[in-house]
Amino acid sequence: MASELRESPVRVASVNAEAPDQAAADLARQLRHEHLGCVLFFCSVEYDLVKLGPAIQAAFSGVRVYGCTSAGEITEHGYGRGCISAIGFDSRYFAIDCALVSELDRFSLQHAQQIIDQLLATCRDAGLAPVKGNTFAMTMLDGLSSREELVLATLNAALGSIPQFGGSAGDDERLADTHVYFDGRFHNSAATVMLVNTPLDFRVFSTHHMQQQTEKLVVTRACPETRTVFELNAEPAAEVYARTMGVLPDQLGRQVFALRPLGVRVGGHYFVRSIQRVNPDGSLTFYCAVETGIVMTAMAPGSLLDSVRAQIQASEEVVGQPLVTLACDCFLRRLEAELTGQADAVSEFLRQHRVMGFNTYGEQFNGMHINQTFTGVVIGQPEVPA
């Protein structure tokens, strides 16, 4: 078993140590080996990020390290809280490079193309596999920046046929400060773009379990810049939403938002628009893009576990036995699992299928910013020589 672990193209680890220096040292002890090329991690904001950033850089000197803060972690043991979840990638199987986008408001197609060209050059220089069909992109963005749509649409144009997924950084549901990690420190109002080239089979996916209902709500007054809806059907937004969901306005909160989101139909498919909060003026602020004139549909949950199982099994039919699944799982899905008593079953399923990742404030898939989904990549095992 030890020999098998040494030869695996990825190693996974998680730590619960409170002291940043100890946490970084524990991660390094579990992940470091002579062929370690890159580490990707997700961490709780319970850590002192000012100290954790340089501690991780020092512990992994000479290794590229990227990551973000989370609203819950997915570890090798299933769901985690207040910890760090990490994946180490073997440079013999993965060519990985990453870039920081620090000015989200000014991100242009020219800038995006320059970034992608630079990252592709690193992948080509490694000589592991042709770019086409062997490369995917992972994005991580400040989850409170309200700039995901702009950045993702611009990046998608530059990526072309390269599949992309990612997640918006969280802060343990404090809704105050979210960060991405790059070059030894944590950044807010920023994003990272990571390109992964590998000869291993993989499949990028996205799924949700919400089902459309009959109630339709038209956004009649909104502020797209702040993702705030003031009126639905020409009435105060919170009142209409509460009435539609069969609750009183003062009962609105994260539990209702998790179980009864709204959706928007695009291209024949429904995409969830999750509510972040009710404001004092009775307006609703969302985690995803909203604008005046769109039609929202009431949504209700189907089987969360069945939808995850179906998507993972479909991916495994393509790539075979999974080496690891890197997942961005909306924190509202986890909240739903906890509210409905499914958390242990979902956690065990994630453990059994080698899922690592984090709970997000929004997910990203092929240029779209979406909510309440389970999104990621399943990476297959290397072929065993005959």
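**Close-up views of a predicted model**

**View 1. Cys330 counts as buried, at 2% relative accessibility.** Buried stands for under 20% relative accessible area, exposed for over 50%, and partly exposed for what lies in between (1.4 Å probe, protein chains only). The closest cysteine sulfur to that of Cys330 belongs to Cys288, 10.0 Å away, which is too far for a bond. This is a predicted model, in which local features need pLDDT of at least 70, side-chain atom pairs count only at pLDDT 80 or more, and totals for chains, interfaces and linings use all residues. Residues are numbered from 1 along each chain as its sequence is written, and side-chain values use heavy atoms, with hydrogens and water left out.

View 2. A disulfide is a pair of cysteine sulfur atoms within 2.5 Å. The whole structure was searched and zero disulfides were found. Cys43 is buried, at 0% relative accessibility.

**View 3. Ile116 in helix α4.** Helix α4 spans residues 109–126; helices (H or I, at least four residues) and strands (E, at least two) are DSSP runs, numbered from the N terminus. Ile116 has a relative accessible area of 1% and is buried. Apart from neighbours within four places in sequence, Ile116 is in contact with Leu155, Ala158, Leu159 and Val193, contact being heavy atoms within 4.5 Å.
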